[in-house]
Amino acid sequence: MTVRLPYIKKATLTGYGPMFNIEEVIINTNSQLTILLGGNGLGKTTILQSLVYGLASGLDNSNIEPLTNFRWSNNFFNKRVPDRSNAHIEVVFELGDTEITVVRNLNKSSVIKLKVIKGSDTKVYGANNANLNYEQIICEEGNFNSFEDFRFLVHRLLYLAENRRGITWDLDAQVRILMLLNSDVINEGDFRLRRGELKELDSKKRHLKVKINKLEKEYEVRMTSKTLDDENNEIMELDITTDDERLNILHHDEIMKITNDLKELITKRTEYEQTINSLSEKEANLRMIIYELSEQQRTFEAELISYTLQHSTLGSQLYLRKLVDLGLCPSCGTKSNEFKELAIERVKEGKCAICGMRHSNNISMNDITEVHSQLEEKIKAKLIVDNELNNIRYLFNRLQNDISQIETKLELDKYNSYEPKDSTKINLDPTDFSTQDLQLELQRAVREYEGLEILIRKESFNLDNEYDRYLDSAEKKIHRLEELFSKFAYEFLGSKVTLQQRKGGDKFLGITLFNPVFNNVVRESPEDCSEAQRFFLDIAMRLALLHLAYELTGSKNSFICETPESALDVSYIDNAATMFREFIQKGHSIIASTNLQRLGLAYKLVESKEKKHVSVNILDLIEIGNLSDVQQNSEDLKNIRDEIMEAANYDHKGAD
């Protein structure tokens, strides 16, 4: 079973003065939407970071965040919370069917209190054993192989700060997240460890190459020096090799020939891989077109049926007239002026008075026939591509077997336990060797280098195979991720967005990176998008991954986000709010911080007529925060706050 992600229900910040003018800041995040509402410097980021810190401590681990400038620890709170020894954060969250309450002190990263409720069983742990038990319970209830994996997903997936790294263009983060969500088909930790070992082998090989170059240079100098003529003649008469070394030298030519054959097959394998990738991309595009045409066909048929019924059934017309004229419900006959006004408004807009959907009377059987014809054409094209893909994969697998047989001939097992000797260090001085020792050391270094090359090829081959098997096993889940991403990203951009799989730039492996595509352009780097597009495409990717995790486990989860409203064009604010609501309505929760702006994202998120039964909790930082002189004297700031509160039908301020 795949991993479960946390659903945050409540958070309590204690002892954060003088940042806040109350001793306890309580955030009931059990609402589907929690908004931290306030101006600059009032503690929005501190609250969100405290939530993350409570769940998973700081981001000070190189295995979670390799870039040092993005790491942080409990020292983040130094200037924000002067008395850290008496300040702590308590977070209550669900992990599957288990409720967990965790408390961390800001002065230390360890857990000081833990409460676990599962069914009728409740356990409480004190400071002495809370930390160890917390990590163990997270692994057991969340199906994690290690607590580090949980921390990684909290920091890199669940939490998106405005100044933090995204995952849309981060190969390593994408691979790790997707593998953790597919932990039932691959061991992500083992795969990552072996990738690291492969890089270490390559590093040793490069160091060994430096050594070989030094030895060759010194050897060349000696062989071309006139002063060494006598010594050279003497060397030619010396038998400087042992029996084992002579055997290796005699077999060197044969090994090189087999190695060259292997290189040719690997080159051919690369060509096959490129063909497979091209066909896979073509198949994915056809699949998307087929999906869209199928949806269009269903829509056309539904509209035609609806229009036909509306204009052919006298009874239904009478029901609709009663609704519009008298406000009588067609189903139960109850009179409702509100329903009547809504029906009249829909009719004026050319929509159905009952469901509010716009029905066209321009759809004909010819339209449906045309779409059906296009659909059949694309389905046939996809079948052709599928056959080509199956054939090339068959050839590819046969080639893999040939490569495996050649590797067996090279007796690769003798390199499995290979560890370079101290002599591979680059800080050697070749002039310290006698000429005969120099020649022997050079021969040994070359053989070690060849052994490393073979070992790297073998391990790359094995990991590539394992990665391909993982992709095949997770194919349906990955397609579902693509569908979810397209849905969320469309809500923001208002145009078709897809994910394209391409080689992610790993030196040794054909690992896939998922890049967004819109307006027929593959966005291969963040610079290919505007600031707003970058941020919200990354949000769309996270929401898609979070909902995929829910579909795999049935456990809802929470998304923690700082929204960059300064980067949002007015025309995109509605779209951003729609994207968030789409996620919320799937059963999840969002904890977001927003600035005070008229008709900004906060207003659009809480506006009554748009909420659609979404529960909202607002933490008013204007009320509890330490306002600057400018903020205290700004009536406009408070007026905007009041407008947002009123739009949300919120009748109180401050902490809930």
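Asn-519 sits in the loop between β10 (512-518) and β11 (521-522). Its phi is near 55 degrees, a positive value in a residue other than glycine. At 53% relative accessibility, Asn-519 counts as exposed. Exposed means over 50% relative accessible area, buried under 20%, and partly exposed in between, with a 1.4 Å probe and protein chains only.

The model is predicted: local features need pLDDT of at least 70, side-chain atom pairs count only at pLDDT 80 or more, and totals for chains, interfaces and linings use all residues. Residues are numbered from 1 along each chain as its sequence is written, and side-chain values use heavy atoms, with hydrogens and water left out.

**Overall make-up**

- The protein has 20 helices and 14 strands. Both are DSSP runs numbered from the N terminus: helices are H or I with at least four residues, strands are E with at least two.
- Of the 656 residues of the protein, 49% count as buried.
- Among contacts with a separation of 6 or more, 72% come from residues 24 or more positions apart. Contact means heavy atoms within 4.5 Å.

**The parallel sheet**

- Five strands make an open sheet, in the order β8-β12-β13-β3-β14, with parallel pairing. Two strands pair if DSSP finds at least two bridges between them.
- The edges are β8 (159-160) and β14 (616-620). Each has a single partner strand, so one side of each is left without a neighbour in the sheet.
- Strand β3 (residues 33-37) pairs with β14 in the parallel sense over five bridges.
- Ile-35 has Ile-618 in β14 as its bridge partner.

**Antiparallel pairing around β4**

- Strand β1 (residues 7-14) runs antiparallel to strand β4 (residues 88-95), with seven bridges between them.
- Ile-8 stands opposite Phe-93 in β4.
- β4 is also joined by eight bridges to strand β5 (residues 98-105), again in the antiparallel sense.
- On that side, Phe-93 has Ile-100 in β5 as its bridge partner.
- β4 and β5 form a hairpin with two residues between them. Gly-96 in the turn has a positive phi of about 70 degrees.

**Helices α4 and α5**

- The axes of helix α4 (residues 171-181) and helix α5 (residues 188-224) come within 9 Å and cross at roughly 150 degrees. Axes are lines fitted to C-alpha atoms, for helices over the stretch in contact, and angles run from 0 to 180 degrees between N-to-C directions.
- That crossing makes α4 roughly antiparallel to α5. Angles over 145 degrees count as roughly antiparallel, under 35 as roughly parallel, 65 to 115 as roughly perpendicular and the rest as oblique.
- On α4, the contact is made by Asp-172, Val-175, Arg-176, Met-179 and Leu-180. On α5, Glu-188, Phe-191, Arg-192 and Arg-195 make it.
- These residues divide into four nonpolar, no polar and five charged. Ala, Val, Leu, Ile, Met, Phe, Trp, Tyr, Cys and Pro count as nonpolar, Asp, Glu, Lys and Arg as charged, and the others, Gly among them, as polar.

**Nonpolar cores**

- The largest nonpolar core has 147 residues. Phe-93, Tyr-134, Ile-539 and Phe-559 have the most contacts inside it. A nonpolar core is a set of buried Ala, Val, Leu, Ile, Met, Phe, Trp, Tyr and Cys residues joined through side-chain atoms within 4.5 Å.
- Helix α14 (residues 531-553) gives the largest share of this core, 13 residues.
- Phe-559 touches residues including Leu-157, Ile-539, Leu-546, Phe-580 and Ile-591, not counting residues up to four places away in sequence.
- Another core, of 16 residues, lies apart from the largest one. Among its members are Tyr-272, Ile-276, Ile-406 and Phe-461.

**Buried residues in helices**

- Ile-573 lies in helix α15 (residues 570-584). Ile-573 is buried, with a relative accessible area of 7%.
- Ile-573 and Phe-492 are 81 residues apart in sequence and 8.4 Å apart in space, C-alpha to C-alpha.
- Lys-382 belongs to helix α11 (residues 365-409). Lys-382 is buried, at 18% relative accessible area.
- Lys-382 touches Glu-283, Leu-286, Arg-287 and Ile-290, leaving out residues up to four places away in sequence.

**Backbone details in loops**

- Gly-17 and Pro-18 are joined by a cis peptide bond, with omega about 5 degrees. Pro-18 lies in the loop between β1 and β2 (24-27).
- Ser-57 has a positive phi near 55 degrees and is a residue other than glycine. Ser-57 lies in the loop between α1 (44-56) and β4, and is buried at 9% relative accessible area.
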